[in-house]
Structure formats: structure tokens, C-alpha cells
Amino acid sequence: MSQGEIQLVVDRLEAVYNHAIVALHGVSLTIRRGEILALLGANGAGKSTTLKSISNLLQAERGQITRGSIHFEGIDVLRTRPSDLVRHGLVQVLEGRHCFRALNVEENLVTGGLGRGSSRVEIVQDLERVYSIFPGLKAKRRETSGLTSGGEQQMTAIGRALMSRPRLLVLDEPSMGLAPLIIRDIFRKLKSLNESEGLSILLAEQNSTVALQYADRATVLENGVAVLEGAAEVLRNRDDVRAFYLGERTVSDEGSVSADRAVDNPRAFETIA
Ligand SMILES: Nc1ncnc2c1ncn2[C@@H]1O[C@H](COP(=O)(O)OP(=O)(O)OP(=O)(O)O)[C@@H](O)[C@H]1O
């Protein structure tokens, strides 16, 4: 598959929890190989539900896809086991970092290689690669993960995903609970992997400022609906859009007018080139 080719297609996805709570009302998005797509939106907008659906993990949460489809490099995601999706190169870092707290950092990383079915030699090579990306982890390799800092746990979780040799890396709120400098460090490393290896990245973020700084494009969710899609550069520079959809209220007149429009027409779908 070459750079720029469509890699992931989410088409009119509808999702329900416990047969009662409708979380997604028809979400569509696409990712091209080699791009970073940010999935933005407030608390409860449906970002995590969309990401879990993409790794076919919704059933584990008593959730169900009631309509729509997801295809990753031609594979029908909703008919593929989560572990097989990892082997195909679709790897997710769930919200909250999810390290095995009782294992040390290196043992955590190795589980990523085992999940993919890597050989011993590949695991050794991939460990060195992860340590070259996150040198701080090498120094902590024998420390119990649960006792390392939040930033180190996030790096361990990302490192473990990289051990599975992803072609699409999916990250749920990688900035959550981390200090600004750590967030910048992690995002720079992700951007550098994206640029040097063409790794595609889909990330859900409430921190739209940082996400729009590093992403190529963004899709904004509101109440389970994709309401806006566009180039990150354009969205970044549009105060009205940021106030409108991302809750970054400004004191300017333009900002207040935009915020009113959002309330009037929450189902509007706008594309910004
Ligand atoms: N396991 C679950 N059981 C029932 N309802 C759920 C479950 N997970 C999410 N929901 C509901 O689905 C909707 C979408 O939630 P989701 O977690 O996808 O949003 P989000 O944009 O990721 O928000 P956050 O940033 O707070 O995680 C919300 O109304 C939420 O309450």
C-alpha cells in the first residue's frame, strides 16, 4: 500500500450501549496512509466509542454496532477478532495508558511483540528501536511500571504498541493527565515516527490545541455525530471554529456568534479544505 492511499474507512457508524444508549449516530471518517487524523470533541461526544469500534472492542463493553461498516486496508473490521487486527497492523493504545502495573517496563514492551507473534530476534530488535525513540524507558527498563511516572507509563503504552509494528496507530487521549512538556515530547516523537516511517496515526483528544498542532486533518464529533471535518492548519487558525465546536469560547463578537450557531444547528456538517 502506497503513501496517500485510503487505509481506514469508517462509514455511517451507529453504536449503542446496553441496547439503550445511542453513542454514535452515523459517524464517517477516512484515513490515508501516512497521515495524522485528530478526532476531537467534548466529553461524551463519542471519540472513545469510535476508536473502540475501530479495534472491534465494543462488545467487551456491552456495546453494539447497529449500522455502518469499518474497513482497514480492505479488511472488514467488524468481522475480525481484535487480536487479528493487531497482527494486521491496526494497533490501539487505550485511554488511561493501560500498562500491566505489576510488570516491569521491558516486560510490558515485550507483551506488544508477543501479541503480534514476533520472533525472539524481532523482539530484541524492536526493543532497541523503542529505546532509541524513548531513551528514558531504557533507563527504567527494570522498574515496575506501576511505580513509574504518568509520562513514562504513557511512553510504555505507546512503546508496547510500537512493538506490534503498527501501520495504523490509534491513540485515545494520549495527553490525558500529563504535564505540557511531557505532552510536547510525546507528540513530537509521534510526529517524527509519522514523518520518518509514514506511520498513520488516529488520535482522539480533548486537548484540541495540541492535537491540531500535530495533525494533518481533524474530524470533530458532537453528540455522536461528525459535525466538522477539515485540514488541521485551517481549523487551528479559525478562532470562530474553535469557539464554535471545541468549546474554546473567545470574548470576540465573532466567537459568541459562532457559539450561538452551534446550539441552533448541532447536526450541521461542515467541511473545511
Ligand atoms: N461502557 C459504556 N456503557 C454505557 N454507556 C457508555 C459506555 N461508554 C460510553 N458510554 C456513553 O456513550 C457516549 C459516548 O461516550 P465516549 O466515551 O465514546 O465519549 P468520548 O468522546 O470518548 O468522551 P470522553 O473523552 O469522556 O471519554 C456517552 O454518552 C457515554 O456516556
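Me: What makes strand S1 (residues 6–17) and S2 a pair in this predicted model?

Reply: Two strands pair if there are at least two bridges between them. S1 and S2 have nine bridges, in the antiparallel sense, so they count as a pair. Within that pairing, Ala-15 stands opposite Leu-24 in S2.

Me: And why is S2 called an edge strand?

Reply: The open sheet has four strands in the order S2-S1-S4-S5, paired antiparallel. S2 pairs on one side only, and strand S5 (75–76) does too, so both are edge strands.

Me: How do you know that H1 packs on the sheet?

Reply: H1 touches S1, S2 and strand S4 (63–72). Touching here rests on C-beta atoms within 7 Å. The direction of H1 makes about 120° with that of S1.

Me: Which elements give two or more residues to the shell around the ligand?

Reply: Of the 14 residues around the ligand, Tyr-17, Ala-23, Lys-47, Ser-48 and Thr-49 come nearest. Strand S2 (21–32) and helix H1 (47–54) are the elements giving two or more, and H1 has the largest share, three residues.

Me: How do you know that domain 1 and domain 2 are in contact?

Reply: Contact needs C-beta atoms within 7 Å, and eight residues of domain 1 reach nine of domain 2 that way. On the domain 1 side, helix H2 (residues 82–87) gives the largest share, three residues.

Technical notes: Residues numbered from 1 in each chain as written. Predicted model: local features only at pLDDT ≥ 70, side-chain atom pairs only at ≥ 80, totals over all residues. Near = placed C-beta within 6 Å. Contact = placed C-beta atoms within 7 Å. Axes fitted to C-alpha atoms, helices over the stretch in contact; angles between N-to-C directions.
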